[in-house]
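Hi everyone, thanks for coming. Have a look at the model on the screen, and I'll walk you through a few parts of it.

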Amino acid sequence: MGLLGILLGLALLVWLAFRGWSVLLLAPMAALIAALFAGQPLLAHWTQTFMVSGAGFFAQFFPLFLLGAVFGKLMEDSGSITAIADFMISKLGQKHAVLAVVLAGAFVTYGGVSLFVAFFVLAPMGQELFRTAGIPRRLMPAAIVLGTSTFTMSALPGTPSIQNAIPMPFFGTTPFAAPGLGFIAALIMMAFGMWWLGRREASARKLGEGFGQGDLLSAQDIAKRETLRERATTAHEFDPTEIVHGTEAAAPSTLAAALPLITVVAVNLAMSLFILPALDTSFLNQPQWGNTSLARVGGVWAVVTALACAIAVALALNFRRLAALRATLDAGANAAVLPAVSVASLVGFGAVVAAMPAFAGVRDAVLNIGGGPLTSLAVATNVLAALTGSASGGLTIALDALGPTYMERAAAIGMDPALLHRVAVIGSGTLDTLPHNGAVVTLLAVCGTKHGESYGDIVMVGIVGAVLGLVAVIVLGTMFGSF
């Protein structure tokens, strides 16, 4: 009965979330169903397991949600994302239209801009570029996914994405964990994605297919669609309804637009590898600081500092140009709340499930998957990200339940935790790109296409390419260790 309760609660969570119900209601309901079938105390699990675990996630990672959303909104309203996209398009031109969209998305998201913010800027620019170049509209979502949601989210070392931050407290790693393997995975994802899109573009030209019909969905339209909002806020770290608030300024110079993004990468690197290790942080093991250590908090501190410095640089460069600075900052702050609470609710659900006696059998089955700890970790993060429709939610649930065990197994065989970090992050970013994922649904709506037209190409660049990169990391990491 206990396993039946877990499966029933999970099934209701997935089905009703896909239909647009709020995860804030579904997650505790699904958790209580699992506890009920197991004969466990309902109220105790709600207040002492669900809420404590969800609150722990919120306390640990909300600074990243907050500063990331504020920075993304600031970059949008300052016109910086537009300036970078224009620069890429002007340099690469119509002959390399797909590459221009991919690189523009990659540059802004690796620099810390939320992919939802990037969607609303890249889609209009991509539309004009694809129309002029005669490339089918249906390929536009896959090009945007490749640039914003694959290698810059999970593979490139130092990426400030929330997915790259989540394993750091569990494994004591930094955002630059396993940099060589991360670069290799990123190259595989990028190369495969560009090969696929180039093949599809050539096929369309051979058949005489043009840009096609359809209209983009505006930010105002997205804000009115509650179903899209519920799906989107579970999938990623920005509430799309806040896009409409604030006033976008004229695009600045390319250098001024790029400096805040460069700041994120540079400060993140300096904090992770040089500044924080040089500080005396022995005070952290005192009770007033939670008996913690730099290994558990240093990664989050590095990303938070990098985003804060980038916000300061963006404000210094664009202060006089922002017509509604308060509205911009308020919108960014508000955009962080619902996604953070939604993912925290998923984490609470995962904690209740992990506390059920029947979960011991599930845990043992996952840990005993052949191929070693890297393979079983990849399977766990893939499956949970797919079921929850959230890379960050699935990753946190997996590491909450299994992280300590993987650390013990890694220590027993001399495996660098950085390798676990990179496999876990890439694994969470593969099957989360299923049809019900909020980012997929939102992007298709923004681009004016449907699942039947564009989802197949999203699968190839967002899932197949990511799986190839993941397999390469597992194989190379098993053979040579972390590098």
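So, which residues in the largest nonpolar core touch the most other members? They're Phe 61, Phe 65, Phe 71, Phe 130, Ile 144, Phe 151 and Val 423, out of 120 residues in that core. A nonpolar core here is a set of buried Ala, Val, Leu, Ile, Met, Phe, Trp, Tyr and Cys residues joined through side-chain atoms within 4.5 Å, and buried means under 20% relative accessible area with a 1.4 Å probe, protein chains only. Helix H6, residues 115-133, gives the most to this core, with 13 residues.

Quick housekeeping: this is a predicted model, where local features need pLDDT of at least 70, side-chain atom pairs count only at pLDDT 80 or more, and totals for chains, interfaces and linings use all residues. Residues are numbered from 1 along each chain as its sequence is written, and side-chain values use heavy atoms, with hydrogens and water left out.

The buried residues of H1 are Gly 2, Gly 5, Ile 6, Gly 9, Leu 10, Leu 13, Leu 16 and Ala 17. They're on the same side of H1, because they cover an arc of only 150° around the axis, going by the directions from the helix axis to the C-beta atoms. Just after H1, Gly 20 takes a positive phi of about 100°.

Last stop: Phe 71 again. Among the residues it touches are Gly 111, Pro 260 and Ile 311, leaving out residues up to four places away in sequence; contact means heavy atoms within 4.5 Å.

Key: Buried < 20%, exposed > 50% of the residue type's maximum accessible area, 1.4 Å probe, protein only. Helix = DSSP H or I, 4+ residues; strand = E, 2+ residues; numbered from the N terminus.
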